[in-house]
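Thanks for coming. I have one structure to go through today, so please have a look at it first.

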Amino acid sequence: MQTYNRISLLIERGIGCRALDIDGNSYLDLAGALGTCSVGYCNEEVNSAIIEQIRKIITTTNLYYTEPQIKLSQKLALLSSLDKSFFSNSGAEANETAIKLARKHTGKPGIIAADGGFHGRTFGALSATSKAKYTEPFKPLVPGFMHIPYNDSEALRKAVTEDTAAFIVEPIQGEAGVIVPHNSYLKAVREICDEKGILLIADEVQTGNGRTGKYFCYQHSKIKPDIVTSAKGLANGVPIGVTIAAEEIADSFGKGDHGSTFGGNPLACTAALATIAYMEKNGLVEKANNKGAIILKNLAELKSKSDLISQFRGKGLMAGMDIIVDAENVAEKCIKKGLLINKCTEKTLRMLPSLTITEAEILEGMDILHGVLK
Ligand SMILES: Cc1ncc(COP(=O)(O)O)c(C=O)c1O
C-alpha cells in the first residue's frame, strides 16, 4: 500500500553511519533511519548479541518469563528512575499503552496533548497527534482528547478539568520540526500536573535513548514524569516499544488489561540490552552533547553562508533546519551527493544521526549540504 512518499533508492546494507544501496553506492546517513540507528548500522557487539539470542530462542510468549525481558525492565527502571515496564513493538503502541494506563489509573477519560505533537498512527496515539493531514481522513477519533499550544504551560493550567487524566508531551517535538521548548517548560508542566492531580506522560520515542545528551530528555529538566514511552533507537533498529511507569500507576493494570504477543520478546530485549551496554561502554550519551554542539556550530556557519537557511535549532544529536525552499527537493539533491537527510515538514530538514557519528562525518555531511544549498 502506497502510504509512503518513497525515494527511488534500494537500500541493501549499512555500516556505521553509512547506508549502501544495491549497487554499492554509499550514503552518509544524517537521518539515522529516522533515529532508530542509535549505535550504527551493523554494530558488531549488538549484532553478536542478537545472533547469540537467535540461536537460543527468538520468541516465546508473555505467559512465561525470559531473562532478557527481566534484565531490560531492570535496566530501564534504573535509567528512567521509574519502576515497571510494559513492552510492545513500536512508538505508537507504547503511547497507546500509556493512554490506557492513564485512563485506568485515574478512572478519567481526558487526555491533553500539544499542538504540533506526533504520537503515532494507531487510534489512541493518532487522537493525541495534532496534524490534520494525519487525523482528518480517519475521524471519528477516540473521544476525550484535546490540544493546547506547545511550550505554553499556562495553557495546560487552563485546559485541565475534573475529567482530565493526563497530559502527553514530547520533551522536544520531533516531527513538528525539532521544536525545542524553553528550558523551564517541562518543570512548569510537572508542577501544574502535580497541582492539578493529573499524570504527566513524556513521549520519549524520538528524544530518548541518549539522543539529546541524557538517556531521557526530561532528565535535562530534572523532573520525573509519571509515565515514559520509548521506542525508535532503543534496540538499534530491532522493533520494540516500552511504556515505563511509577509502581503505583503501573499496578493499576490488572491481569488481562493489556497485552502484546511479540511485546518484550527475548530477541528485541537482547538487542536493547546490547545497545544500552554499547552506549554506556563508549560514553555515547555524554558525547552526544559535544557532537550536537558541533552540528549547531556548523549550522550557524552554513546559515552565514546561505540565504536559504532561515533558522536552525537542536539539542544533542537532534537538529532541525528551516529553509525557504522546498525541503524535499533539497533532500533529493543531497541523495545524489551521497547524503541522507530527512524532510520533516515542507520547509524543515531534520538530522537524527547515530550516536556513533564522528566529527569528520558531521563535517562531511555539512559540506554536502553546503554544496547542495549553493
Ligand atoms: C515522538 C513520537 N512518538 C511516537 C512515534 C510513533 O512511533 P512508531 O512509528 O514506532 O509507531 C514517533 C514516530 O516518529 C515519534 O516521533
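I will be talking about helices by number, so here is what that means: a helix is a DSSP run of H or I with at least four residues, numbered from the N terminus. And before anything else, this is a predicted model.

Start with the ligand. Which helix gives the most to the shell around the ligand? That is helix α4, residues 91-106, with three residues. The shell has 13 residues, and those that come nearest are Gly91, Ala92, Asp203, Gln206 and Lys232. Sorted by class, the shell holds three nonpolar, six polar and four charged residues.

Now some distances. A polar backbone atom of Gly91 is 2.8 Å from an oxygen atom of the ligand. For Ala92, too, a polar backbone atom is 2.8 Å from a ligand oxygen. With Gln206 the side chain is involved: one of its N or O atoms is 2.7 Å from an oxygen of the ligand. How much of the ligand does the protein bury? On its own the ligand exposes 390 Å², and 82% of that is buried by the protein.

Next, the domains. The domain assignment gives two pieces for domain 1, 11-30 and 283-373, while domain 2 is 44-281. Taken over C-alpha atoms, their centres are 26 Å apart. As for the contact between them, 21 residues of domain 1 touch 22 residues of domain 2.

The size of an interface is often given as the accessible area lost when the parts come together. Here domain 1 and domain 2 bury about 1,700 Å² between them, with 61% of it on carbon and sulfur atoms. Of the area that domain 1 buries against domain 2, Val285, Lys315 and Met318 supply 37%, more than any other three residues.

Last, two points about the backbone. Most residues other than glycine have a negative phi, and most peptide bonds are trans. Leu34, in helix α1 (residues 32-35), has a positive phi of about 55° and is not a glycine. The bond joining Lys139 and Pro140 is cis, with omega about 5°. Pro140 sits in the loop between α6 (132-135) and β6 (145-148).

That is all I have.

Methods: Residues numbered from 1 in each chain as written. Predicted model: local features only at pLDDT ≥ 70, side-chain atom pairs only at ≥ 80, totals over all residues. Heavy atoms only, no water. Near = heavy atom within 4 Å. Polar contact = N/O pair within 3.5 Å; in protein donor to acceptor, adjacent residues only side chain to side chain. Areas by Shrake-Rupley, 256 points an atom, 1.4 Å probe, with all protein chains shown as cover. Helix = DSSP H or I, 4+ residues; strand = E, 2+ residues; numbered from the N terminus. Nonpolar A, V, L, I, M, F, W, Y, C, P; charged D, E, K, R; others polar. Domains from an automatic or database assignment. Contact = heavy atoms within 4.5 Å. Buried area = accessible area lost by both parts, 1.4 Å probe.
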